[in-house]
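Hello,

Here is the structure I promised to pass on. Please open it first, then read my notes below.

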Amino acid sequence: MLYVRKALILDVPDIFSGTVEVDETYMGGQWKNKKKKERAKGTKRGRGTKKQPVFGIYARNGLVWAELVSDVEAKTLQPIISNKVKKGSIICSDTWKGYTGIATKGYVHRMVEHGKGEYSDCKGTHINGLEGFWGYLKRKLVSKGGIRRERLHLYLAEYVWRYNNRKLSNEQKVKKIIGLLKKRRLF
């Protein structure tokens with residue numbers, strides 16, 4: 001499965017356009033499962049936690065892209081957006097400061113304010129598609145019963161690929177995976 005996951009990294013969308021959603025999440029085990037000395041140090045939920053940050057882009061056509069990032073600051077997120085999203089696209093996000101100024105880079109930027117209980121403006125501005133993917137990803141990773149941090153990027157690639165190819169039959173998925181393995185010369 002290690003070789004398959006390495007091959008799945010190759011099959012990701014290049015450029016997104018149209019209306020896209022951007023968001024970040026944090027991956028890591030539940031707090032109650034940490035070692036006692038780790039729990040004694042204390043932690044925060046969300047931003048500022050010691051968990052691994054993950055940044056994602058979701059196109060409204062149903063394709064998603066996600067990657068582990070070192071932090072969720074503007075200097076990290078905005079170059080990724082510039083490389084993965086076509087100029088002139090509509091970007092929907094929450095009000096995190098890492099997205100401030102994205103409109104000056106040639107995008108239409110629409111925001112929802114989760115802090116005020118706003119999750120959609122009823123005009124198409126929301127990030128519910130990407131939030132749905134985060135839920136899917138976390139449910140799948142929990143079922144694995146724990147993953148080493150150094151392999152998290154491989155599992156992330158696997159579930160991004162599974163999500164993007166969810167409408168294919170099992171036979172089509174197998175053929176596509178074999179093609180990726182041949183391309184990577186792993187098969």
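Helix H1 (2-8) and helix H5 (152-164) are among the elements that cover the buried residues of H6. Keep in mind that this is a predicted model.

Now H6 itself. The helix runs over residues 170-183, 14 residues in all. From first C-alpha to last, H6 reaches 20 Å, close to the 20 Å expected at 1.5 Å a residue. Its buried residues are Ile 177, Leu 180 and Leu 181. Viewed down the axis of H6, these fall within an arc of 100°, so they line one face of the helix. The other side of H6 has exposed residues: Glu 171, Lys 175, Lys 182 and Lys 183. Just after H6 comes Arg 185, with a positive phi of about 60°.

Next, the cores. The largest nonpolar core has 19 residues. Which of them touch the most other members? They are Phe 55, Ile 57, Ile 81, Val 85 and Ile 91. Strand S1 (19-27), strand S2 (52-59) and helix H3 (74-84) each give two or more residues to this core.

Take a look at Ile 91.

Best wishes

How values were computed
Residues are numbered from 1 along each chain as its sequence is written. This is a predicted model: local features need pLDDT of at least 70, side-chain atom pairs count only at pLDDT 80 or more; totals for chains, interfaces and linings use all residues. Side-chain values use heavy atoms; hydrogens and water are left out. Helices (H or I, at least four residues) and strands (E, at least two) are DSSP runs, numbered from the N terminus. The expected span of a helix is 1.5 Å times one less than its number of residues. Buried means under 20% relative accessible area, exposed over 50%, partly exposed in between (1.4 Å probe, protein chains only). The arc is that of the directions from the helix axis to the C-beta atoms. Contact means heavy atoms within 4.5 Å. A nonpolar core is a set of buried Ala, Val, Leu, Ile, Met, Phe, Trp, Tyr and Cys residues joined through side-chain atoms within 4.5 Å.
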